[in-house]
Amino acid sequence: MTSTTTLATALPAEHRERLMGLAREVSFGVGSRLFEEGRHADRFWIIRTGTVSLDLHVPGRRSPVIESLGHGELVGWSWHFPPYVWQLGAEAMSPVRAYEFDADKVRALCAEDAEFGRAVADWVGRVVAHRLHSARIRLLDLYAPYGSGGR
């Protein structure tokens with residue numbers, strides 16, 4: 001993922017500190033599912049260590065991995081947009097340590113502080129745009145007659 005979407009560079013220091021004030025540390029073992037596509041999105045994570053893969057349900061086929069995420073990256077963006085339903089699935093590919101955030105609390109903080117809310121929305125929007133591009137390229141590579149064409 002580009003450095004503009006990792007937490008360290010996506011939010012100004014004061015906003016990062018406010019967000020991290022809501023974090024709790026969690027761990028996931030190899031093969032643990034963080035969330036499933038189509039289910040309620042009520043939290044998100046920032047990876048401290050390890051790797052998480054994002055996958056997409058494709059009817060009649062095995063769910064392809066769309067992208068692998070690592071240190072400092074946001075896992076989950078569906079919590080930010082109604083109806084708060086996961087658009088992808090996620091699985092720990094190695095032991096993962098992460099910061100977990102309660103979506104309701106973060107959305108409340110965004111509503112209380114418009115500047116903080118805009119910064120978070122901008123960050124999440126950049127992540128969504130990146131993930132959409134990654135999904136498009138991956139699906140073209142897998143299912144299009146000539147792949148993605150290197151674009």
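Visitor: Why is Ser-78 called buried?

Guide: In this predicted model, Ser-78 has a relative accessible area of 3%. Buried means under 20%, so Ser-78 is buried.

Visitor: Where does Ser-78 lie, and which residues is it in contact with?

Guide: Ser-78 lies in the loop between β6 (74-75) and β7 (89-92). Leaving aside neighbours within four places in sequence, Ser-78 is in contact with Ala-41, Tyr-84, Val-85, Trp-86 and Gln-87.

Visitor: What makes the approach of Ser-78 to Val-85 a polar contact?

Guide: A polar atom of the Ser-78 side chain lies 3.3 Å from the backbone oxygen of Val-85. The cut-off is within 3.5 Å, so the distance qualifies.

Visitor: Why is Arg-33 called partly exposed?

Guide: Its relative accessibility is 31%. Buried ends under 20% and exposed starts over 50%. Arg-33 falls in between, so it counts as partly exposed.

Visitor: Which side chains make polar contacts with the side chain of Arg-33?

Guide: The Asp-55 side chain does, at 2.7 Å. The Glu-91 side chain does too, at 3.1 Å. Arg-33 itself is found in strand β2 (residues 33-35). Arg-33 also touches Gly-89 and Ala-90.

Visitor: How do you know that Trp-79 belongs to the largest nonpolar core?

Guide: That core has 40 residues, and Trp-79 is among those with the most contacts inside it. Beyond four places in sequence, Trp-79 touches residues including Phe-44, Tyr-84, Val-106, Val-120 and Val-124.

Key: Residues are numbered from 1 along each chain as its sequence is written. This is a predicted model: local features need pLDDT of at least 70, side-chain atom pairs count only at pLDDT 80 or more; totals for chains, interfaces and linings use all residues. Side-chain values use heavy atoms; hydrogens and water are left out. A nonpolar core is a set of buried Ala, Val, Leu, Ile, Met, Phe, Trp, Tyr and Cys residues joined through side-chain atoms within 4.5 Å. Buried means under 20% relative accessible area, exposed over 50%, partly exposed in between (1.4 Å probe, protein chains only). Contact means heavy atoms within 4.5 Å. Helices (H or I, at least four residues) and strands (E, at least two) are DSSP runs, numbered from the N terminus. A polar contact is a pair of N or O atoms within 3.5 Å; within protein, one must be able to donate a hydrogen and the other to accept it, and residues adjacent in sequence count only if both atoms are side-chain atoms.
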